[in-house]
Amino acid sequence: MSFVLSCPVCGAREVTDFRYGGEIVARPDAGSSPSPRELNLYNYFRRNTAGVQREWWYHRSGCRSWFVAERDTRTNEVLSTTLPSEEGVR
Amino acid sequence: MSRLPPQPGERIDRSRAVTFSFDGRCVRGLEGDTIASALFASGQRVFSRSFKYHRPRGLLCCAGQCPNCLVAVDGAPGVRACTEPAREGMRVEHLNARPSLKWDALRVTDLLGGRLMPAGFYYKTFLRPRRLWPLYERVLRRAAGLGLAPASQDGRRRRADYRRRHADVLVVGGGPAGLCAALRARVLGADVVLVDEGAEPGGHLLVEGRSEQARSLAAEAHEAGVEILAPAAALGFFDGLVAVWHGDTLHQIRAAQHVAATGAIEQPLVFAGNDLPGVMLSSGARRLAALYALRPGHTAAVATATDQGLEAAVALLDVGVRIAAVADLRPAPDGRALRRLEAEGIPVLRGATVVCAEGRNAVRSATLARVDGDGRALEGSEIEVPCDLLVVSGGLSPATALLAQAGAKPAYEQAAGAFMSQGPLPAGVHAAGAVTGLHDDEAIELSGRVAGAEAAHAVGLGDAVSHARLERDATRLAELRPATPAGAVPPASAVSGKSKGKCFACLCEDVTTEEIRQSVEEGFDSIELSKRYTTVTMGPCQGRMCQLPAVRVMARETGLELAEVGTTTARPPWSAVPLGVLAGRPLQPAKRSSIHHRHRELGANVLWAGGWRRPYDYGDPRAEVMAVHEAAGVIDVSPLGKLLVRGPEAGAFLDRLYPNRLSTLGPGRIRYGILGSDAGRIMDDGTVCRLDEDAFYVTTTSSGAGAVDEWFSWWLADWCMDVQVTDVTEALSAVNLAGPRAREVLDGLTALECSNEAFGYLDARQGHVAGVPCLILRIGFVGELGYEIHFPSAFGQHMWDVLLQAGADAGIRPFGLEPQRLLRLQKLHVIVGQDTDSESNPYEAAMPWIVKLDKEDDFIGRWALEQASERELATGLVGFQTSDGVVPTEGAAVLVDGAPAGRVTSSRFSPKLGHVIGIAWVPAELARDGAGITIADNGHRLSATVTTKPFYDPDGTRLRS
């Protein structure tokens, strides 16, 4: 695996600069009480998309920012990278 | 052997000698020689022994393509003598022959070989009895193979670094097509890198005695600003990144556009005895003559499928080689080279090829014959030609491996008799030169310029003029593309009644056409299966010399067309590369605290702990423990993770991350905290201290510092709270001053009020100690009165010195990690990651008090912990003690009814308590005071008694005193 990611703060860097944070998973709403099944789906199950997915990346060897990338998992083409917004991402 | 008179463009410098040793013999070469050319000049003809049959092998390609000249240089095996420059004083040794290269005892495998070593013999013969496999393995490992890697790190000569290079255009291959492509792209303004695996760029021009033309093209490209790497092997295409091995550097080149100008590889012919020393590719023979002024033989026979062989015959004639006869596979060859040969009176057989070479350790004669379409000699057409050189040329096979790795689809082209990239190339990939099937000078250069211009245009360079020129060039190139194939297609193998001995399809792995036939007969009838079974194409040449011959044999044996047989999947590495180049330097960066040199001076035993080098003890761990109990001790805890969490929402942020309440913590107070995941599992632990209304000081475990920082900033990114997290782990050092006399030591160094009333347990104070601004946390990991003093790292040695000096009268001792582990074990303080694992939750880890499910707001892990609190516990983390003095291994099993049902996570002998203590996971029903457990350790059974309270000072009075 080898591709270039564009950190929203630092710019384009080799993927080895970053830590992959996994696909973005919706956390149950605060104050809700998820069933064991719902909780397990959130904690342990991933969609493992073959296609474009939204995912977390961390610029470990750079500015140490977390950001959100849209990446095609089949081609490693990165369609966008953005810092998380006030609305939250999960 | 004397050299030829000076050749135009020769690479050697006749005025400068180079001396090295080969198997202990002194060899004199010239500056510019390769190991192989110097050895050849000294009369050496056998360069290696083959992989399985230990047959003698000599120079074949002289271009780093085949396995025939692999040697060891200064102890490192796998060096190609034909490309490695001869260096003064180097120690060159042969591989894979005992007792010597000249006389190899294992040649017996060749003489017996045919019947005793059928295809896949390795899998068939050494299966039974199974228990003898270790013996078989030892014998086989010695018998086969390509040399031994140096046994120790010290023997490794190579220390490779890597370099990242971003470019607009990467051109792989420095023949005329590659050079023209690079130059054109550069002229249009692109940032261009060109890599070539030869000692210098030039490709086939160098072989053909046109070195001056090659050098002027290369100089022009260099002057225009093309970065040229040579000798540099492109190892593979990895999602747009090309790894290139160049000397002691692994270049990772990422270019927007790629031009494959990888050329074509001259193919050997397949016939009985085709591996004898003296059988040479036409390009190899020409290289020896043109670059190193060596006469490759005295009397030569030539067998060719294209004009290439005829041109080589003419070139050899010109350096004084007698050409005995030529066999041209084409029924009606024509051209200047043919006319010249016939004018010299050299017999040229049409529709003929070589069917057999004979000789014991070198070619003595070759049998040429006219053959039918299947390669069978026509009755009565054989002629035996005495010769010491047999020049073969089986046509060109485009080097499509890198293109295929990039996503191109090589397919068989009937007319050319070879596999070529068909259809459109992947985006951003261009091809030029012989790899596209071109063989005409003008077409090759033009194709380079077209590819270079296309690549430059693709990165947004160029203008109307360059676009117009590209259009003209492309049109002209289409006109030049050859309509007729350059040569005849050689048969899978050529045979006659006279043919005896082995026909090799693959020289690297010693695979004969007979073995491929057998593999098909046994059902391995696809090229991918046959490859795995016979290992054809899996050797150092990576299919350069054997892919096409193997496919031809497969087609013959299966009755399929070559297009149907197809090729094996092209995988990296395209060129053999030392593993050390891929591994890079054996670096493990060590972190050392600012006090590290003092530990060394005190004679500490220093060990790795996470990424840190830390004192394990100072020589007497028992005395160090007793000092902490009875007087005072000081330990360097600088590796602790340290985070500053600041902002109006800092308290609320920590409340969301920890299962207990931290926003209610008063300024100057400390609370223990466990960090968990949303699955309720324990990730890390540490203390949280409130500095003021908006600021918290968080410590983590030493090994968890990085992960906790990432964890905090991850949630912060999501929640977008008004909080800043700053990692100050390495900015601050810390020491823990502990023991009953710790207070008097500290008191003498600070103006702070140190009494128990003014500075109590779990209080934090900011003030000066020994003149240094400090944050002092009164906590008790080791179970005695203790002060963890945090301060700017620059003052590390000063603080250490002052503390030891001030505590001298009190009997202070420095203590290391090992005493600390015992001290905390006596208090049943867990170490996250040692006593807990990725499955542990706070309930099982006997810390239910830390989870505050009555917190109003959401926190990480809440739901999972709610569910866990409702479940019955399956296991529990407890202390245990034994009376018989045996310390069970950490990891030993806890048995219930004879079956493992838990495990020991920590265990030590406590000199203070006088018995063995430990921590273990046990089934929940045994997690109560006084329960008896059985521990199985290395075949012994130990009885132990469970305790749920700390072994030492269970009420914590010493901590709080």
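A: Read from the N terminus, chain A has the order β-β-β-α-β-β-β. This amounts to one helix and six strands, where helices (H or I, at least four residues) and strands (E, at least two) are DSSP runs numbered from the N terminus.

The model is predicted: local features need pLDDT of at least 70, side-chain atom pairs count only at pLDDT 80 or more, and totals for chains, interfaces and linings use all residues. Residues are numbered from 1 along each chain as its sequence is written, while chains are lettered from A and ligands numbered from 1 in the order in which they are written.

Along the principal axes, the C-alpha atoms of chain A occupy a box of roughly 40 × 30 × 20 Å. Chain A has 90 residues, of which 13% are buried (20 or more other C-beta atoms within 10 Å of the residue's own, with C-beta atoms placed from the backbone). Among the contacts in chain A with a separation of 6 or more, 52% join residues 24 or more positions apart; a contact requires C-beta atoms within 7 Å.

As for nonpolar cores (buried Ala, Val, Leu, Ile, Met, Phe, Trp, Tyr and Cys residues joined through C-beta atoms within 7 Å), the largest has 191 residues, and B:Val169, B:Val244, B:Ala300, B:Ala301, B:Val354 and B:Leu390 have the most contacts inside it. A second, separate core of 106 residues includes A:Phe67 of chain A, together with B:Val625, B:Ala632 and B:Leu643 of chain B.

Conventions
A residue is buried if 20 or more other C-beta atoms lie within 10 Å of its own, exposed if 12 or fewer, and partly exposed in between; C-beta atoms are placed from the backbone. Two residues are in contact if their C-beta atoms, placed from the backbone, lie within 7 Å.
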